[in-house]
Amino acid sequence: MKWLNRNDDQSNYEDRRGSSGKKVAIGGIGTIVVFVIALLLNQDPQQLLNTVNQVIPSGGSEQIDETASKENEDLKVFSLGVFNSANDVWTKIFEEQLKKEYRNPTFVTFTDQTESGCGGASASSGPFYCPADEKVYIDLSFFHELANRFHAPGDLAMAYVTAHEVGHHIQKLLGYTDYMQNQRGQVSETEYNELSVRLELQADFYAGIWARHAEEMNIIQLEEGDIESAMNAANAVGDDNLQKQMQGYVVPESFTHGTSEQRMRWFNKGYNTGDIRKGNTFEVEQL
Ligand SMILES: [Zn+2]
């Protein structure tokens with residue numbers, strides 16, 4: 001996947017990455033000096049500290065941290081680009097196809113754990129969208145898991161993850177999240193799980209819609225193997241695959257995201273049609 005026009009805007013971005021995200025640090029007296037200088041220059045001390053940290057070279061073990069930090073920064077720039085492009089795509093679709101106004105969510109990167117409007121979150125829970133505060137949360141180290149543990153490397157695989165989470169925001173704006181909330185407690189657990197599968201497959205469909213429109217709007221250019229890499233990611237995070245990996249057997253009634261085959265198919269449908277009306281997973285009989 002190539003960027004033709006990446007939007008690096010930070011106005012909907014919240015950086016909560018901790019020390020493992022930005023490792024090179026000045027401590028003690030150095031910090032105090034920076035703070036005094038910051039006050040003299042009337043600047044944000046944290047910002048100046050970051051600038052100073054970038055300028056002052058470091059050696060030894062910090063070198064490794066710097067490499068990790070650079071890699072983490074690259075992942076941030078990439079994911080933020082995907083996130084912004086998704087907002088651009090959806091603004092257009094809402095305006096042209098739905099005649100509705102789109103509201104941007106916020107993109108939050110964190111390290112290890114953080115607080116959200118939906119409760120505490122840790123890296124192990126994976127990327128998620130919280131409807132209460134309309135924020136997409138991601139610990140960027142997830143992308144290493146995606147590549148290594150789930151064997152799903154590739155740009156479009158990573159982009160699919162972010163686009164899927166923005167898909168949940170679309171569902172909030174279109175009322176699907178409220179619908180799910182109303183159903184909770186009214187239907188059996190098995191039925192609720194089935195609704196949850198429909199919700200997830202729709203988010204996959206929306207991720208496909210994003211890829212198609214981002215391409216048409218000349219934001220990204222897909223290259224050979226890209227669609228396969230996204231498919232591979234959708235395949236890897238299907239409930240059947242995950243259950244097989246975690247417990248060695250598959251329990252379809254407990255599925256909450258859909259099978260690998262379903263996830264790939266709905267992403268593909270979004271990508272191939274580019275038509276938001278084709279994505280009502282709540283109305284189709286056969287998912
Ligand atoms: Zn999801």
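**Helices, sheet and a contact across the chain**

Student: At roughly what angle do the axes of helix H8 and helix H10 cross?

Tutor: Helix H8 covers residues 226-236 and helix H10 covers residues 260-273, where helices (H or I, at least four residues) and strands (E, at least two) are DSSP runs numbered from the N terminus. Axes are lines fitted to C-alpha atoms, for helices over the stretch in contact, and angles run from 0 to 180 degrees between N-to-C directions. The axes of H8 and H10 come within 8 Å, and they cross at roughly 145°.

Student: Before we go on, what kind of model is this, and how are its residues numbered?

Tutor: This is a predicted model, in which local features need pLDDT of at least 70 and side-chain atom pairs count only at pLDDT 80 or more, while totals for chains, interfaces and linings use all residues. Residues are numbered along each chain as its sequence is written, from 1.

Student: Which residues of H10 make the contact with H8?

Tutor: Two residues are in contact if their C-beta atoms, placed from the backbone, lie within 7 Å. On the side of H8, the contact is made by Ile 227, Ala 230, Met 231, Ala 234 and Asn 235. On the side of H10, the residues are Ser 260, Arg 263, Met 264, Phe 267 and Tyr 271.

Student: Which elements are included in what covers the buried residues of H10?

Tutor: A residue is buried if 20 or more other C-beta atoms lie within 10 Å of its own, exposed if 12 or fewer, and partly exposed in between, with C-beta atoms placed from the backbone. The buried residues of H10 include Trp 266, Phe 267 and Gly 270. Their cover includes H5, H7, H8 and helix H9 (239-247).

Student: In what order do the four strands of the open sheet lie?

Tutor: Two strands pair if DSSP finds at least two bridges between them. The edge strands, each pairing on one side only, are E2 (13-16) and E6 (128-130). E2 runs parallel to strand E3 (residues 106-110), joined to it by four bridges. The pairing in the sheet is mixed, and the order is E2-E3-E7-E6.

Student: Which helix packs on that sheet?

Tutor: The packing helix touches E6 and strand E7 (135-139), and its direction makes about 25° with that of E6. It covers residues 155-174 and is helix H5.

Student: Through how many residues does a hairpin join E4 to E5?

Tutor: Strand E4 (residues 113-116) and strand E5 (residues 119-122) run antiparallel, with four bridges between them. In E5, Gly 120 is the bridge partner of Glu 115. The hairpin joins E4 to E5 through two residues.

Student: Why is Gln 221 classed as partly exposed?

Tutor: Gln 221 lies in strand E8 (residues 220-221). Its contacts, leaving aside neighbours within four places in sequence, are Lys 2, Leu 4 and Glu 215. Gln 221 is partly exposed because the number of other C-beta atoms within 10 Å is 13.

Student: How far apart in space are Gln 221 and Lys 2?

Tutor: In sequence, Gln 221 and Lys 2 are 219 residues apart. In space, C-alpha to C-alpha, the distance between Gln 221 and Lys 2 is 5.0 Å.
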